[in-house]
Amino acid sequence: MADIKVSLTDNSDLIKEAFEDQVEQALIAVGITAENNAKREITRAVYDTPESKTYIRTGRLRNSLTHSVEMNEKAVYIGSAVEYAAYVELGTTRMRARPYLRPAVANYTDEYKNLVKQALSR
């Protein structure tokens with residue numbers, strides 16, 4: 001009887017690395033899309049309102065919107081470092097809330113899910 005030699009190669013590290021790359025690409029796509037959606041929402045919530053005629057429209061808040069991908073958390077964060085961003089989002093005792101970040105997340109969940117599905121199916 002002939003000797004049969006069997007050789008096994010463990011490629012699980014390569015598979016895990018490829019999967020992590022796909023997850024990162026998915027999170028980047030979601031971040032870019034969420035940032036753009038937040039910019040769309042801020043236009044609707046702030047600039048396209050009757051009281052917007054009293055605002056000085058510099059575009060500073062909209063242009064400051066950004067995203068960050070945290071791979072260790074498998075999370076994407078969108079926001080702004082502009083000091084008054086939270087006041088616009090949440091309102092104050094003198095100004096009604098004009099949310100733009102929360103709708104940018106809540107109104108587009110199907111779009112984000114599709115981006116993740118696309119990235120992970122490659």
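Arg 98 is in contact with Ala 45, Val 46, Glu 51, Tyr 55, Val 88 and Glu 89, leaving aside its neighbours within four places in sequence. The structure is a predicted model.

**Arg 98**
- The loop between α3 (85–90) and α4 (101–106) holds Arg 98.
- Arg 98 counts as buried because its relative accessible area is 5%, and buried means under 20%.

**The largest nonpolar core**
- The largest nonpolar core contains 13 residues, of which Ile 42, Val 46, Leu 61, Leu 65 and Tyr 100 touch the most other members.
- Two or more residues of this core come from each of the elements α1 (12–47), α3 and α4.
- With five residues, α1 gives the most to this core.

- Apart from neighbours within four places in sequence, the residues in contact with Tyr 100 are Ala 38, Glu 41, Ile 42, Leu 61, Leu 65, Ala 85, Val 88 and Glu 89.

**Val 46**
- Val 46 is found in helix α1 and is among the residues in contact with Arg 98.
- The relative accessible area of Val 46 is 7%, and Val 46 is therefore buried, since the cut-off is under 20%.
- Val 46 and Tyr 77 are 31 residues apart along the chain, and their C-alpha atoms are separated by 21 Å.

Definitions and conventions. Residues numbered from 1 in each chain as written. Predicted model: local features only at pLDDT ≥ 70, side-chain atom pairs only at ≥ 80, totals over all residues. Heavy atoms only, no water. Helix = DSSP H or I, 4+ residues; strand = E, 2+ residues; numbered from the N terminus. Buried < 20%, exposed > 50% of the residue type's maximum accessible area, 1.4 Å probe, protein only. Contact = heavy atoms within 4.5 Å. Core = buried A, V, L, I, M, F, W, Y, C linked by side-chain atoms within 4.5 Å.
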